[in-house]
Amino acid sequence: MVRPTIHRCFRLPPPPPPTPTSEYPKGKLLNMFLNHSRIQQSRNPQPKSMKSVDLNEAVSFFNAMVASNKTHPIFQWNRVIAVFVRNERYFDAIEMYRRLELSWVVSDINTLTMLMNCYCCCSGCVGYGFGVLGLILKRGFVPDVVHFTILIKGLFFDKNVEEAFWLLCRMKELGFPPNEVTKGTFFRGLCSTGNWEDAVRWMEDMDENGLDSDVGFQIYYGIIIDCLVKKGLIQKAEELMVEMRSKGFLPDVVTYNSFIYFWCHVVDLNKAINAFFEMKEQGIYPDVVTYSTLIHGFCRAGELEEARRMLDEMKSFAISPNVIAYSSLIYGLCRAGELEIAIHLFGEMRNAGLEPDVFAYGSIIYGFCLAGDIREVNCILCEMKNNGVIPNVVVYNLMVDGLCRSGNWKEAKSILEEMEIDRIYPDLMTYNSLIYGLCRAAQLEEARNIFDDMENKGVSHDKIIYNTMIYGYSHAGEIDEAWRVCSRMKNEGIAPDVITYNSLIHGYCQVGNWRMSLGLLNEMKNNKVSPNVVTYSSLIHGCAVHREFEIARDIFNEMRNQGISPNEFTYNSIIRGLCNAGNWGEAKAILNLMVEQGVRPNVVTYSSIIHSLCRVGEREEAYCIFNLMLKHGVRPNVIAYTSIIHGLCEVSGWEEVKYILNRMQEQGVRPNVVTYTSIIGSLCKIGDWEEARNILIQMQDQGIKPNVVTYNSIIQNLCNYGYWKDAICIIFQMLELGVRPDAVTLHVVRSALPGDESKTETMQFLESVIKKQFGIANNS
C-alpha cells in the first residue's frame with residue numbers, strides 16, 4: 001500500500017492538521033466573515049460562474065451560503081474558496097476552510113488540494129502542507145503528482161533545497177513519477193534560490209541519460225535563462241542560449257521575452273529590438289507579452305513614436321493589447337504632455353473591454369496633474385474608487401509629482417492629508433517628490449516643514465531626501481542652510497555622495513566662494529567620492545565667472561588628466577571665461593579641441609567667441625567664426641547676430657548690416673533693443689538720419705520699446721553734427737513715451753548748447769519738465 005510508504009519517507013512526522021485554535025496569521029478579510037450584517041445576504045445563492053467574481057462578492061456568497069442553513073454541494077464552496085486562492089489571499093482561504101470544518105461541511109480532494117497550495121505559498125507554513133497530505137490519506141483520498149509538485153514548490157519557498165530534491169527523487173519510488181510540471185517547478189525552485197548552476201548540471205545529467213523529451217529540455221533551458229536574466233547575469237544567459245541552440249533546442253517566445261525584458265529594463269533598446277527581429281527570423285511569433293514589454297521600454301526611453309508603432313503592429317497581427325500595453329503608453333504620453341492622445345487611448349482601452357487597473361488610472365491622473373486640471377483629477381479619482389480600484393501609494397505619488405511639476409504645490413501638499421484619510425501612508429518617494437517640487441517653487445520654508453514632519457510620521461530621512469533639501473537650498477543661494485543640512489546628514493551616519501557635493505559646490509560658486517568649492521573638491525577626494533563632469537564643470541564655471549581664469553584652466557586640465565571628458569557646458573564655461581579675459585586666441589584653441597574631442601559647439605560657444613572678438617575689434621575674425629557657425633548648421637541666436645551686427649556697424653556699410661538683419665528675421669530670430677540700438681547708432685554716426693528713423697519706427701512696430709541708451713545714441717550724434725535743437729525734440733519724444741532721460745542725456749545736450757545764459761535757461765526748463773513728469777530731476 002502507498003500510505004505507510006509515504007509516511008516512512010518523511011524525515012519528520014507531519015504536523016497535525018490545522019484546527020480552529022492553531023496559531024497562524026489571520027486573513028485580512030476575517031472581520032468581514034464574522035460580521036454578517038456588513039454584507040447583503042441572499043437566501044438562495046447560486047454562484048454559477050466565479051471567474052468574474054471579485055473578493056467582496058465572494059465573501060457575500062460565502063456568508064450567504066453559511067447563513068442559509070442549507071446543504072450546498074462541496075463544489076460550490078470550492079468555487080468561492082478558489083476566488084481567494086486566485087487572488088493570492090491565502091490566509092483568508094485558509095480561514096474559509098476552517099469555517100467549513102466548523103460547519104461540518106465535508107471537504108473533498110479539491111478542497112484539500114487548495115488548502116495545501118495555500119500553506120505552501122506562505123512563508124514557514126510548508127509543514128502544514130505536509131499535514132494536509134496526511135489528512136488526504138486519513139480521509140481515504142489518493143494523492144497524485146499534483147500534490148507532490150505543490151509540496152516541492154512549498155519547500156523551495158522556504159528555501160529547503162535539499163528536502164525538495166530528496167522528495168523529487170522519491171516520487172517515482174512512491175508511485176508518482178514526476179511530470180513536466182513537477183520538473184519545471186523543481187527547476188524554477190533551484191533558480192529562484194540561486195542554485196542555477198545545479199539546475200544546469202541536473203539538466204545535463206538528464207540529457208546524458210535520456211530521461212526527458214526535447215520539449216522538456218526546451219522548457220528547462222527557458223526557465224534557467226529566465227532566472228539568469230532576472231538576476232542580471234545576462235552573459236551567462238547568452239552563453240546558455242548558444243549551448244541550447246548547439247544541442248538543437250530552439251528558444252521559445254518565453255525565452256526571447258526574458259531577454260527583451262532585460263534589455264528594456266536597462267534601456268538598451270537596440271539589443272531589445274535585435275532580439276525582437278531575431279525571434280521573427282526564427283519563425284517565433286511575438287505575443288502580447290513581447291509587445292507590451294517593448295512598448296513599456298520605448299515609453300521609458302521617451303521614444304513614443306516607436307511605442308505607438310508597436311501598438312499598431314500588434315493590432316495588425318490580431319494581437320489584442322492588454323492593460324499593461326495601454327497603461328505604459330498612456331503614462332509615456334502623459335509624461336510628454338500629449339494628454340489629448342492619452343485620453344483617446346484611455347477610451348480605446350475601455351472600448352476594447354479592458355477595465356483600467358490602478359496603474360492605468362494613475363497614469364491618466366498624472367497627465368491631468370501635469371496639465372494642472374485639478375477638477376478632472378478629482379473626477380477620475382472618484383470614478384476609480386467607484387469602480388472598486390483603490391488608489392495606492394504609487395497613484396498618490398504620481399499625483400504629488402504631477403502637481404508639483406505643474407506648479408500646483410499647494411494642491412500637492414493637500415494630497416498628504418487625503419492619503420491619511422484613506423489610510424495610505426506616504427513613503428519616501430511621496431516626500432521626496434513634494435520636497436523637490438517645493439524647492440523648485442522656491443518654497444523652502446514649506447519644504448523644511450515637510451522635511452521636519454517626516455520624523456513625526458515615522459519616516460526616516462534617507463540620502464535622497466537630504467540631497468533634495470541640499471539641492472534646494474544651494475540653488476536658492478542659501479548655502480549656509482545647505483551646509484547645516486549636510487552636517488545633520490553626516491551626524492546621522494549618512495555619508496555625502498557625488499550629488500551632495502555637486503549641489504554644495506554649485507551653491508558656493510554661485511555666491512562667489514570658489515575657495516570653499518575647491519575645499520569641497522579636496523574633501524571629496526579624501527572621502528573616496530569620485531568627482532564627475534558636473535563637479536568639474538561647476539568649479540570651472542564658478543572660477544571663470546569670478547575671473548579666476550588660471551584656476552579655471554588648472555581645473556580643466558586636471559579634469560582631462562583624470563579621464564573625465566568635458567561636455568558642452570564645461571567647454572562653454574572655459575571659453576566664456578577666456579573670452580571675458582580678452583584671451584580669444586586661447587578660446588579659439590579650446591574651440592578646436594572641443595571639435596576634435598567630438599563635442600559639438602552650440603550657439604552659446606560661438607556667441608561667446610563672436611562677442612569677445614567684436615569687443616576687442618577683431619571684426620573680420622568674428623565674421624569668420626560667424627560663417628563657421630552657419631557652416632556647421634548651428635543656428636545663431638540674438639546674441640550672435642547682435643554681436644556681428646555691432647561689429648559690422650563699426651567697419652562696414654549699411655547694406656551688409658541690412659543683409660544680416662534681414663537674414664536674422666528670416667531665421668525667426670527676433671532682434672532685441674540692443675540689436676536695434678547698435679544699428680541706429682551706426683546710421684546716426686554716418687548721418688543717415690532717414691534710415692535711422694525708419695529703423696526706429698520698425699523697432700516700435702515690432703513691439704520693442706527704445707530705451708534711454710537708444711535715445712542717447714541718437715542725441716549724441718545729433719549734437720555731434722550740431723543739431724542740438726533736434727536733440728531737444730528727441731528728449732521731448734522720450735518724455736512722451738515714458739522714457740526718462742538720464743545724466744548722460746543731459747550732459748550731452750548741455751555740452752552742445754551755445755551760450756552760457758541760454759544754456760542755463762534751457763537746462764533749467766528741461767529739468768523742470770523732467771521733474772514734473774518723474775517727480776525728481778536727474779543729477780547732472
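**Cavities and helix pairs**

So, start with the second largest cavity: its lining is Asp401, Cys404, Arg405, Ser433, Tyr436, Gly437 and Arg440. Before I go on, a word on the source: this is a predicted model, where local features need pLDDT of at least 70 and side-chain atom pairs count only at pLDDT 80 or more, while totals for chains, interfaces and linings use all residues. Residues are numbered from 1 along each chain as its sequence is written, and side-chain values use heavy atoms, with hydrogens and water left out.

By cavity I mean, on a 1 Å grid over the protein atoms alone, a set of points where a 1.4 Å probe fits but cannot get out, and lining residues have an atom within 4 Å of a point. Volume is the space filled by probe spheres set on the points, with grid points joined across faces, edges and corners. On that basis, this second largest cavity comes to about 30 Å³.

Which helices supply at least two residues each of that lining? They're H22 (393-405) and H24 (428-440), and H24 gives the largest share, four residues. Helices here are DSSP runs of H or I, at least four residues, numbered from the N terminus.

How many cavities of 30 Å³ or more turn up in the whole structure? Two. The largest holds about 50 Å³ of space, and around it sit Ile81, Ala93, Ile94, Tyr97, Thr111, Met114, Leu115 and Cys118. Helices H5 (90-102) and H6 (109-120) are the elements giving two or more residues to that lining, with the largest share, four residues, from H6. This lining has seven nonpolar residues, one polar and no charged.

Okay, helix pairs. Two packed helices are described by the angle between their axes and the distance between the axes. The axes are lines fitted to C-alpha atoms over the stretch in contact, and angles run from 0 to 180 degrees between N-to-C directions.

Take H16 (residues 288-300) and H18 (residues 323-335): their axes come within 8 Å and cross at roughly 10 degrees. That makes the two roughly parallel, the word for angles under 35 degrees, with over 145 being roughly antiparallel. In contact, meaning heavy atoms within 4.5 Å, are Ser292, Ile295, His296, Cys299 and Arg300 of H16 with Ile324, Ala325, Ser328, Leu329, Gly332 and Arg335 of H18. That's five nonpolar, four polar and two charged.

Next, H29 (residues 514-526) packs with H31 (residues 549-561) at about 20 degrees, axes 13 Å apart, so those two are roughly parallel to each other. On the H29 side we have Trp514, Leu518, Leu521 and Lys525, meeting Ile551, Ile555 and Glu558 in H31. The tally is five nonpolar, no polar and two charged.

Last up are H37 (residues 654-666) and H38 (residues 673-685), with axes that come within 11 Å and cross at roughly 165 degrees. These are therefore roughly antiparallel. From H37, Trp654, Val657, Leu661, Met664 and Gln665 meet Thr675, Tyr676, Ile679 and Leu683 in H38, a contact with seven nonpolar residues, two polar and no charged.

Technical notes. Parallel < 35°, antiparallel > 145°, perpendicular 65-115°, else oblique. Nonpolar A, V, L, I, M, F, W, Y, C, P; charged D, E, K, R; others polar. 1 Å grid on protein atoms, 1.4 Å probe; cavity = no way out; pocket = protein on both sides within 12 Å on 5 of 7 lines; lining within 4 Å.
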